[in-house]
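Please keep the sequence and the model in view while reading.

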Amino acid sequence: MNKSKTSNSNGNADRRRIVVLTAPSGSGKTSIARRVMAQMPDLRFSVSVTTRPIRHYERDGVDYHFVSPETFNDYIESGELLEYQEVYPGRLYGTLQREVDRTAAEGPVLLDIDVKGALNVREAFGTDCFVIFIRPPSLEELEKRLTLRGSEDPSSLADRIDKATYELEHQDRFDAVVVNEDLDSAVTDTLALIHSFLDADPDSNPAIESRQRKNGD
Ligand code: 5GP
């Protein structure tokens, strides 16, 4: 894995630089995203819209734009969402086109979205975008973590494991995979990958070149 530590947030000014973190639920993606944001002040977080209720530690407009199902539906109908998914039954999450346009005009952007959404963003942005798939060491380990977290009832736990099984089957479609066995190492690996994407000329980024070969982009 590339361990480059240099950052060049002013380079490659002519292209948008969009970094996407995606993962099965329980893989530690949000912890990794928070630590990455703390260590890369130039990276801007793209705030998604969601219909799920706000949690007590969250701030509207910072963690998400919390909206009603009606407002979300208006966004869908007016074509304002770059992508959206019903990530959990009755809970919609989406990326506003204007949020990405605004943040990407200022510098590199980080998106923390689910696996199907990440595939759609990759499709939309091509080589302007770099998608890192965070995964647990195994499905058994994921089940153990979700059980320990105690946030799921048995049926929701089974749903998440089914969904994770599907998502893990698609990991080869992303630009890089980070195994989150140990949080510190996973953060280090993720930071190195992001720096190497941001510093690279798109024509000489090995990850992107291999993706182009794979997909015929
Ligand atoms: P949570 O409710 O725990 O904040 O997030 C649930 C899942 O929704 C996470 O996997 C998160 O990455 C994903 N998510 C958050 N925002 C978006 C978005 O805009 N689009 C998609 N497709 N998924 C999102």
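1. An oxygen atom of the ligand is placed 2.6 Å from an N or O atom in the side chain of Arg-52. Such a pair is a polar contact, that is, two N or O atoms within 3.5 Å. This is a predicted model, in which local features need pLDDT of at least 70 and side-chain atom pairs count only at pLDDT 80 or more, while totals for chains, interfaces and linings use all residues. Residues are numbered from 1 along each chain as its sequence is written, and side-chain values use heavy atoms, with hydrogens and water left out.

2. For Lys-29, a side-chain N or O atom lies 2.4 Å from an oxygen atom of the ligand. The ligand taken alone exposes 510 Å², of which the protein buries 89% (areas by the Shrake-Rupley method with a 1.4 Å probe).

3. Which residues of the shell are closest to the ligand? They are Lys-29, Arg-52, Tyr-64, Glu-83 and Tyr-93, among 16 residues that surround the ligand (a residue counts if one of its heavy atoms lies within 4 Å). By class, this shell holds six charged, five polar and five nonpolar residues. Charged here means Asp, Glu, Lys and Arg; nonpolar means Ala, Val, Leu, Ile, Met, Phe, Trp, Tyr, Cys and Pro; the others, Gly among them, are polar.

4. Strands β5 (81-88) and β6 (91-96) each supply at least two residues of the shell, and β5 gives the most, with four. Strands (E, at least two residues) and helices (H or I, at least four) are DSSP runs, numbered from the N terminus.

5. A pocket is an open set of points on a 1 Å grid over the protein atoms alone, with protein on both sides within 12 Å along at least five of seven lines; lining residues have an atom within 4 Å of a point. About 1,400 Å³ of space lies in this largest pocket (the volume filled by probe spheres set on the points). Its lining has 48 residues, and Lys-29, Thr-30, Arg-55, Tyr-64 and Tyr-88 are the closest to its centre.

How values were computed
Polar contact = N/O pair within 3.5 Å; in protein donor to acceptor, adjacent residues only side chain to side chain. 1 Å grid on protein atoms, 1.4 Å probe; cavity = no way out; pocket = protein on both sides within 12 Å on 5 of 7 lines; lining within 4 Å.
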